[in-house]
Amino acid sequence: MHTPESRETLVRAALHAELFDQDENPVASVIDLDHLAHNVAELHRAFPQDLDVLHAFAVKSNSVVPVLRELRELGLGAEAASHGELTRALEAGHEPEKIVFDSPAKSRGELRRAIELDVALNIDNFQELARIVEISKELGRAPRAGFRINPQVGRGSIAAMSTAGQHSKFGLPLRDLGMREQIINAYLDLPWLSRVHAHVGSQGCPLELIAKGVAAAIELADEVNVRAGRAQIHTIDIGGGLPVDFTSDARVSNFTDYVAALAEDAPRLFSGDYRVVTEFGRSVLAKSGMLLSHVEYTKSVGGREIAITHIGAQVATRTVFMPEAWPLRVEAYDRDGRA
């Protein structure tokens with residue numbers, strides 16, 4: 001699906017196979033599994049082969065169970081930003097030890113389920129930590145958990161999608177007055193806190209800014225471990241958010257350039273002292289698929305021609321509210337599949 005000709009061939013094949021029809025099933029989602037496998041292979045290849053790394057696919061990027069199952073078979077784990085995404089990952093066969101539960105608004109029931117499953121938890125705030133301590137005591141087992149921090153290294157070009165600014169809402173603000181010491185003391189008080197997570201933003205964040213956020217997480221982990229006198233924190237979750245080129249048919253995301261930026265600004269990540277977790281989503285799957293829909297109606301409004309289809313905000317939420325930052329390419333074909 002990387003040339004206009006290949007997309008036209010796909011549309012014709014979908015029509016011929018009656019993959020979707022105007023009356024009963026007017027939308028189809030098609031994934032190029034070869035391209036998906038190619039991108040995943042490039043991701044694996046970009047990181048040093050002797051590094052202990054889990055690539056946890058961001059389920060929000062595509063929560064279709066067969067796609068998640070394919071990604072699992074390609075060696076990826078799963079990062080769930082909601083309880084529904086966690087359920088989808090489990091339905092796709094992802095092992096709990098390869099799942100990260102990242103919602104900032106986990107209910108007591110969701111936390112209990114995650115701890116019982118031994119899913120890794122990125123903790124957003126101290127109130128959530130208090131709940132986890134309480135539930136862990138009730139269950140008689142320690143969770144796999146650590147804090148998500150906001151490294152406060154700055155915002156990218158899309159403010160709404162940046163999560164490492166001074167006032168960004170996710171995680172604990174590392175540079176707020178007294179907060180660093182409060183975070184460290186929590187680690188020292190609870191020896192089972194063994195992870196740290198940072199995610200700088202999604203789309204519009206330069207690689208150097210993302211790498212600075214990762215470096216801040218590593219510096220925190222190093223300080224905790226020195227003060228604890230042992231390797232208490234053993235996992236660094238560096239998040240995802242790798243920018244995607246939406247404007248071309250280029251096949252591969254820039255994983256190699258990203259790893260080079262990490263090697264430059266956060267070399268400790270590759271020391272072997274830490275297990276690494278990534279949370280790439282869109283950069284793994286982008287340009288691997290098409291949504292196909294029949295045009296249901298047409299009309300003219302003020303001289304503007306309107307085509308009404310079944311593909312809208314329900315599948316392209318970010319494009320609807322931020323079309324300049326999240327473009328989707330739209331192509332039209334006739335009833336015989338000709339562009």
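## A negative patch at the surface

In this predicted model, four acidic residues come together on the surface: E18, D21, D23 and E24 form a patch of negative charge. One of them, D21, sits in the loop that links α1 (4-16) to β1 (27-31).

How exposed is D21? With a relative accessibility of 32%, D21 is classed as partly exposed, because that class covers the range between under 20% (buried) and over 50% (exposed).

Now for another loop. D52 belongs to the stretch between α2 (33-46) and β2 (53-58). Its relative accessibility is 43%, so D52 also goes down as partly exposed.

Which residues does D52 touch once its neighbours within four places in sequence are set aside? The answer is Y274, R275 and V276. Then there's V277: 225 residues separate D52 from V277 in sequence, yet their C-alpha atoms are 8.7 Å apart in space.

## D237, buried without a salt bridge

D237 is part of strand β9, which spans residues 235-237. Here the aspartate is buried, and it has no salt bridge.

What surrounds D237, leaving out neighbours within four places in sequence? Its contacts are V100, N122, V196, H197, A198, V277 and E279. V277 turns up again here: D237 is in contact with V277, while D52 has its C-alpha 8.7 Å from that of V277.

Notes
Residues numbered from 1 in each chain as written. Predicted model: local features only at pLDDT ≥ 70, side-chain atom pairs only at ≥ 80, totals over all residues. Heavy atoms only, no water. Patch = residues over 30% accessible without salt bridge, like charges linked within 9 Å, V, L, I, M, F, W, Y side chains within 5 Å. Areas by Shrake-Rupley, 256 points an atom, 1.4 Å probe, with all protein chains shown as cover. Salt bridge = Lys/Arg side-chain N within 4 Å of Asp/Glu carboxyl O. Lys, Arg positive; Asp, Glu negative; His and termini not counted. Charge placed at Lys NZ, Arg CZ, Asp CG, Glu CD. Helix = DSSP H or I, 4+ residues; strand = E, 2+ residues; numbered from the N terminus. Buried < 20%, exposed > 50% of the residue type's maximum accessible area, 1.4 Å probe, protein only. Contact = heavy atoms within 4.5 Å.
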